[in-house]
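Let's take a friendly walk through a protein structure, one region at a time. Have the sequence and the model side by side as you read.

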Amino acid sequence: DSSGNVEKVVKFATDITKPVVEAAAKDSKLAAVSATLAVIEFDLKGNILTANENFLAALGYSLDEIRGKHHSIFADPTYAKSADYNAFWAALGRGEAQQGAFRRFAKGGREIWIQASYNPILGPDGAPVGVIKFASDITEEKLRSIDHGGQIAALNLSQAVISFTPDG
């Protein structure tokens, strides 16, 4: 009123239930992925921003040891200087995902094989602003496959081998 006393209260409200529920679902999905996969994030130049515990455990590093360093610390030094490696990061910078089985190196130079998907993170305008990698350690399977391939190659060199179609 004219003497400064409150006469009534006006409330303006918006129902935010749907966006809150959607955000909770997204957070839950990301937590599920992070609980089962090794996850690491990079800027567009390949510098490490963060990594989850699964990634750090698989490669034997702490986050403080790798944050700010380039992805190339995990790659073979010759490959890291190659045109193929530069093309790999250039494609990510253009927003093109990269996936496959990759040979990498953990702390101390231990070889590790990962099945990974490098995915561009897109900003509000649809342009890439970073990269997130989801990976699984497939070292045991890869080494077993290499060993079996070597055994078959050795048999082919030392034995007479013939192959038949199913109908003989």
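Look up Tyr118 and see how many residues gather around it: leaving aside neighbours within four places in sequence, Tyr118 is in contact with Phe42, His71, Phe88, Leu92, Ala97, Gln98, Phe102, Arg104, Val131, Ile132 and Lys133. Contact here means heavy atoms within 4.5 Å. This is a predicted model, in which local features need pLDDT of at least 70 and side-chain atom pairs count only at pLDDT 80 or more, while totals for chains, interfaces and linings use all residues. Residues are numbered from 1 along each chain as its sequence is written, and side-chain values use heavy atoms, with hydrogens and water left out.

One of the partners of Tyr118 is Gln98, which is found in strand β3. Not counting residues up to four places away in sequence, Gln98 touches Phe88, Ala91, Leu92, Ala116, Ser117 and Tyr118. The side chain of Gln98 also reaches the backbone oxygen of Glu96 at 3.4 Å. That is a polar contact, a pair of N or O atoms within 3.5 Å; within protein, one must be able to donate a hydrogen and the other to accept it, and residues adjacent in sequence count only if both atoms are side-chain atoms.

**The core**

Tyr118 belongs to the largest nonpolar core, which has 26 residues; Ile40, Phe55, Ile66, Phe74 and Tyr118 touch the most other members. Such a core is a set of buried Ala, Val, Leu, Ile, Met, Phe, Trp, Tyr and Cys residues joined through side-chain atoms within 4.5 Å. Buried means under 20% relative accessible area, exposed means over 50%, and partly exposed lies in between (1.4 Å probe, protein chains only). At least two residues of this core come from each of β1, β2, α2 (53–59), α3 (63–66), α5, β4 and β5. These helices (H or I, at least four residues) and strands (E, at least two) are DSSP runs, numbered from the N terminus.

Two strands pair if DSSP finds at least two bridges between them.

| Strand pair | Bridges | Residues standing opposite |
|---|---|---|
| β1 and β2 | three bridges | Glu41 and Thr50 |
| β1 and β5 | five bridges | Phe42 and Val131 |
| β3 and β4 | eight bridges | Gly100 and Ala116 |

Two of these pairs are hairpins. β1 and β2 have five residues between them, and Gly46 in that turn has a positive phi of about 100°. The hairpin of β3 and β4 also has five residues between the strands, and there Gly108 takes a positive phi near 85°.

**A helix with a buried side**

Which residues of helix α5 (residues 83–93) are buried? They are Tyr85, Phe88, Trp89, Ala91 and Leu92. These residues cover an arc of only 155° around the axis, which puts them on the same side of α5. The arc is that of the directions from the helix axis to the C-beta atoms. Their cover includes β1, α4 (77–80), β3 (98–105), β4 (111–122) and β5 (128–137). Just after α5, Gly95 takes a positive phi of about 95°.

**Out at the end**

Finally, find Phe164 in the segment after α6 (139–158). Phe164 is exposed, with a relative accessible area of 60%.
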